[in-house]
Amino acid sequence: MTSSFILIGMFSSLVALMLSGAGLAFVLGAIAFLSTIFIWGPNALIVTTLNTFETMTSESLMAIPLYVLMASILQKSGIIEDLYEAMEKWFGNLHGGLAIGTVVICTIMAAMTGVVGAAVAAMGILALPSMLKRKYHPPLALGAICAGGTLGILIPPSVVTIVYAITAQISIGKMFIAGIIPGIILAASYSIYIYVRARLDPSIAPINEDMADIPLGEKLRALKTLILPFFVIISVLGSIYAGIATPTEAAAVGVFGAILSSAISGRLKVDQLSQAAADTLRVTAMILWITIGARAFISVFVATGGADSILSFVQDLEASRWVVLAAMMFILILLGLFLDEIGIILLCVPVFLPIVKLLGFDPLWFGVLFMITAQMAYITPPFGYTLFYLKGVLPDHIGIGQVYRGVIPFFLIQVVVLILFIMFPQIVTWLPELGSAQLQ
């Protein structure tokens, strides 16, 4: 039986089982398990066992439960509510100010937690009723929440970035640093779009007259709510960038900072810590099961000559390397309609990365492009994850159709920014190279 026949069978089975609604981790594991027995016999399962042991003992993966725990503690501490009140005072008297403030808070939350669902759910509960009360156009408000919430994929400390870096075997610290400037550019692009559109049509985002007379002193006092979030951000990213701690060690520092921030704010409770621990256990178990299944699947894929076949196919193509890159970006966005970003990374990165290196592209730069396509997939109708996160907190009079309309302009912004980073890779690579030069 030829390797091509085996590979076609594996991927056909993957698609069929995914369409059945089965969990990705168990689909990948089952295909790898049965393929191994069918091709090499039961004794070959020792390779799967060794892969599983290597995954469970990976020091790099230890960062994932720590960052998830940090995010969960911060989410339950009430710090986000304080941030939103401060942003209302500062941005409430601008055109589209509440939507811009929502993007700013999502950016801060991304730098604190790196978890998409937390930002979308929190802003859906806090920001959406406030914007609707101020007569904001619902699609604009919904689009700002969805797009802002996805910044947690790119801005460090991102769990998705950790999984990519481990899978691609590149520095987690460099990947973190590489995501900072692109994340800020995306957040600024969303804010500029909101402001310009609100200036052109003030009816879609009326100025909050109640916020026009707030004294400067009160606004400055409101900034004290930023102290604890920035303490957490600096403790994590500062320790990595300064070379004091590895990303895994910085995750432990972040957990300590989150607990300390909750205690200082007077909101640290035993039951909240218990809930945060349970959430962490659930999310970490999901990620590890997907990782184990994907590694088993990819090991069979590589052993049967799949990676070599794809590389040979790309080498024989006469298309430009930019066309190949565009095709990979399209595949990633398409897969994002059906799979979560962790599954896409573990499935595609081992396949795509040899192609990226063959074409002479920087894996670090490609990683940032990968994260942006993950953001695009998160807000792409009809199956984008953030759309369903937000749907759970929508008032009865707003349907999912308005969410779809709201995310389209922000999706187009992501496309433009993606093209910008493809045309000017130095935007992505400048800060990591600067950090490397300083450490040397």
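Reader: Why is Gln 169 called exposed?

Author: Happy to start there! In this predicted model, Gln 169 has a relative accessibility of 73%. The word exposed is used for values over 50%, so Gln 169 counts as exposed. Gln 169 sits in the loop between helix 9 (159–168) and helix 10 (172–178).

Reader: What is phi like at Gln 169?

Author: Phi of Gln 169 is near 60°, a positive value in a residue other than glycine. Most residues other than glycine have a negative phi.

Reader: Which other residue has a positive phi although it is not a glycine, and is that residue buried or exposed?

Author: Lys 135 has a positive phi of about 70°. Lys 135 belongs to the loop between helix 7 (116–133) and helix 8 (138–149). The relative accessible area of Lys 135 is 62%, and the cut-off for exposed is over 50%, so Lys 135 is exposed.

Reader: What makes Ser 262 buried?

Author: The relative accessibility of Ser 262 is 2%. Buried means under 20%, so Ser 262 counts as buried. Ser 262 is part of helix 14 (residues 247–264). Not counting residues up to four places away in sequence, Ser 262 touches Ile 73, Ser 77, Arg 267 and Leu 268.

Reader: How do you know whether Ser 35 is buried or exposed?

Author: We use the cut-off again: under 20% is buried. Ser 35 has 12% relative accessibility, so Ser 35 counts as buried. Ser 35 is in helix 2, and its contacts, leaving aside neighbours within four places in sequence, are with Met 10 and Val 300.

Reader: And what is Pro 65 called, with a relative accessible area of 24%?

Author: A value of 24% lies between the cut-offs of 20% and 50%, so Pro 65 is partly exposed. Pro 65 lies in helix 4 (residues 63–76). Not counting residues up to four places away in sequence, Pro 65 touches Thr 280 and Thr 284. The C-alpha atoms of Pro 65 and Ala 277 are 9.2 Å apart, although 212 residues separate them along the chain.

Reader: How many aromatic pairs does the count come to?

Author: The count comes to 7 aromatic pairs.

Reader: Why is the pair of Phe 26 and Trp 289 called tilted?

Author: The ring centres of Phe 26 and Trp 289 are 5.8 Å apart, and rings pair when their centres lie within 6.5 Å. The planes stand at 40°. Stacked needs under 30 degrees and edge-to-face over 60, so this pair is tilted.

Reader: What makes this pair a link between distant parts of the chain?

Author: Phe 26 is in helix 2 (residues 24–40) and Trp 289 in helix 15 (residues 270–303), 263 residues apart. Phe 26, at 56% relative accessibility, counts as exposed, while Trp 289, at 49%, counts as partly exposed.

Reader: Which residues form one aromatic cluster?

Author: Tyr 164, Phe 366 and Phe 370 do. Leaving aside neighbours within four places in sequence, the contacts of Tyr 164 include Ile 345, Pro 363, Phe 366 and Phe 370.

Reader: Which residues touch the most other members of the largest nonpolar core?

Author: Tyr 67, Tyr 164, Leu 325 and Phe 366 do, in a core of 138 residues. Leu 325 is also one of the buried residues of helix 17.

Reader: What span should helix 11 have?

Author: The 21 residues of helix 11 should span 30 Å, and the end C-alpha atoms are 30 Å apart, which agrees. Buried residues of helix 11 include Leu 186, Tyr 190 and Ile 194.

Reader: Which elements have the lowest and the highest mean pLDDT?

Author: Helix 16 (residues 306–316) has the lowest, 65, and helix 11 (residues 180–200) the highest, 92. Where pLDDT is low, the predicted coordinates should not be read in detail. The protein chain averages a pLDDT of 80, and 88% of the residues score at least 70.

How values were computed:
Residues are numbered from 1 along each chain as its sequence is written. This is a predicted model: local features need pLDDT of at least 70, side-chain atom pairs count only at pLDDT 80 or more; totals for chains, interfaces and linings use all residues. Side-chain values use heavy atoms; hydrogens and water are left out. Rings of Phe, Tyr and Trp (its six-membered ring) pair if their centres lie within 6.5 Å; planes under 30 degrees apart count as stacked, over 60 as edge-to-face and the rest as tilted. Helices (H or I, at least four residues) and strands (E, at least two) are DSSP runs, numbered from the N terminus. Buried means under 20% relative accessible area, exposed over 50%, partly exposed in between (1.4 Å probe, protein chains only). pLDDT is the predictor's confidence in each residue, from 0 to 100. Contact means heavy atoms within 4.5 Å. A nonpolar core is a set of buried Ala, Val, Leu, Ile, Met, Phe, Trp, Tyr and Cys residues joined through side-chain atoms within 4.5 Å. The expected span of a helix is 1.5 Å times one less than its number of residues.
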